[in-house]
Amino acid sequence: MISDAEFSDWLIDSSAIRCVLVDANPIISGSSTPFYLSSRIFSDEENSLQYDPYIIGRSLQVIEKIPFNSASSISFGDVAIDNTDESRDQWLNYVWSNTNIIARVGDIRWNKSDFRIILNGVVEDIFSADPFTLNLKIRDKLQRLNAAITEEKLGGSTRNKDLLIPLAFGEVFNVSPLLTNPATLEYQVHNGAVEAIKEVRDNGVPVSFTPNISTGKFTLSASPFGKITASVQGDKPSAWNKTVKNIIERLVKNYGESNNQFTSGDIDSSNLSAFESSNSQPVGLSINTSRQNLLLTCESLADTLGAKMVMSRTGLLQLIKIHLPAPGTPFDIDKTDIVADSLKVITKLPVIAAQKLGFVKNWTKQESLETGRPTEHKDILATEWQTITKTD
């Protein structure tokens, strides 16, 4: 087995015979079909596989970005495939979109198990950059999450039959439940079991209700006077999911398009566990009657903690939080450590003299409530966020 140190030495070895291996899986006639492509003639003797040396050019450049003020990204160059003799024209008729692809780099004298994965992603599609080449456009696996979180509607025959069943994660304040059965005054706050339905209000006034936490529903004890809202401790398949890490992991594994959902094999469990140990703040998320994008929602959740959701080159979901390093022994970086003329100012971050943060979101703003409640209570229900401001 090639060690990491030996691999690093090989990267700068002028005698190395470098080779790229690509495992792709297009869909042909409805079936996923493995393709084994390489940049040189290579035999995988461990698995009795022969790679086809069709890859040409200097493709598969990888660029990773984790910016402060926008979504993270990892981009790849196209995989260029020789088609000079036009023998692979039919590849354009195969289904490549959203199929898995893995690329490895190593030496043709090695076993495949000694190669290192340089990308684990999905194919966006196949195209032809010129008459003699086919190109596989690669993107990271986060794009599998680029879909609606849920499309499940209530159904039945009530006037709400075409509305989406709501979802609630963590602790959410003052959400608008879905009326599922007008005859029995049954409402739903989540499509599944919840930790608790803490309080139900009618125009801001707490009312009597009977919860069913196993279904995420409750029934009122009397006909409502006005707008019904509820405060909920949400999604609980077994344990209550109330942190950024747990909610994101729950969403990517169980929501979105079923054929693109992540599995445990797509998750960097050690990274997420370490993130959870230092970022255990409770949060809340309500998805109510309108379509929300799964990828954007997860990125937004991570952003509430100043973190970024990324895919590693090996195709594992990670949560990265940019922060100052822990105190340690200082050391100097001098000119012997830096490539000549490579250090330059890319950008200068603007000074922010004040920062206002919102917390405890009110998911249903209710202004001008005509109730006998104290003014400060009505103000809370009329305001979207509780806030705190820091200045320097």
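Tutor: Let us begin with burial: a residue is buried under 20% relative accessible area, exposed over 50%, and partly exposed in between, using a 1.4 Å probe and protein chains only. The model is predicted, so local features need pLDDT of at least 70 and side-chain atom pairs count only at pLDDT 80 or more, whereas totals for chains, interfaces and linings use all residues. Residues are numbered from 1 along each chain as its sequence is written, and side-chain values use heavy atoms, with hydrogens and water left out.

Student: Why is Ser 231 called buried?

Tutor: Ser 231 has 8% relative accessibility, and therefore counts as buried. This residue lies in strand 20 (residues 228–235); strands are DSSP runs of E with at least two residues, helices are runs of H or I with at least four, and both are numbered from the N terminus.

Student: Which residues is Ser 231 in contact with, leaving aside its neighbours within four places in sequence?

Tutor: Contact means heavy atoms within 4.5 Å. On that basis, Ser 231 is in contact with Val 172, Phe 173, Asn 174, Ile 197, Lys 198, Glu 199 and Arg 201.

Student: What does the side chain of Ser 231 reach at 3.3 Å?

Tutor: It reaches the backbone nitrogen of Asn 174. A polar contact is a pair of N or O atoms within 3.5 Å; within protein, one must be able to donate a hydrogen and the other to accept it, and residues adjacent in sequence count only if both atoms are side-chain atoms.

Student: Why does Cys 298 count as buried?

Tutor: Cys 298 counts as buried because its relative accessibility is 0%. Cys 19 is likewise buried, at 1%. The structure holds zero disulfides, a disulfide being a pair of cysteine sulfur atoms within 2.5 Å.

Student: What makes helix 4 (residues 294–303) mostly covered?

Tutor: Seven of its ten residues are buried, among them Leu 294, Cys 298 and Leu 301. The cover over the buried residues of helix 4 includes helix 2 (244–254), strand 21 (284–287), strand 22 (307–311) and strand 23 (317–321). At the start of helix 4, a side-chain oxygen of Asn 293 comes within 3.0 Å of the backbone nitrogen of Leu 295.

Student: How do you know that strand 14 and strand 15 pair?

Tutor: Two strands pair if DSSP finds at least two bridges between them. Strand 14 and strand 15 (residues 186–188) have three bridges, in the antiparallel sense; in one of them, Leu 178 is partnered by Gln 188. Strand 15 and strand 19 also pair antiparallel over three bridges, with Glu 186 opposite Thr 219. Strand 18 and strand 19 are joined by four antiparallel bridges.

Student: What order do the four strands of this open sheet have, and which are its edge strands?

Tutor: The order is 14-15-19-18, with antiparallel pairing. Strand 14 (178–181) and strand 18 (209–212) are the edge strands, each pairing on one side only.
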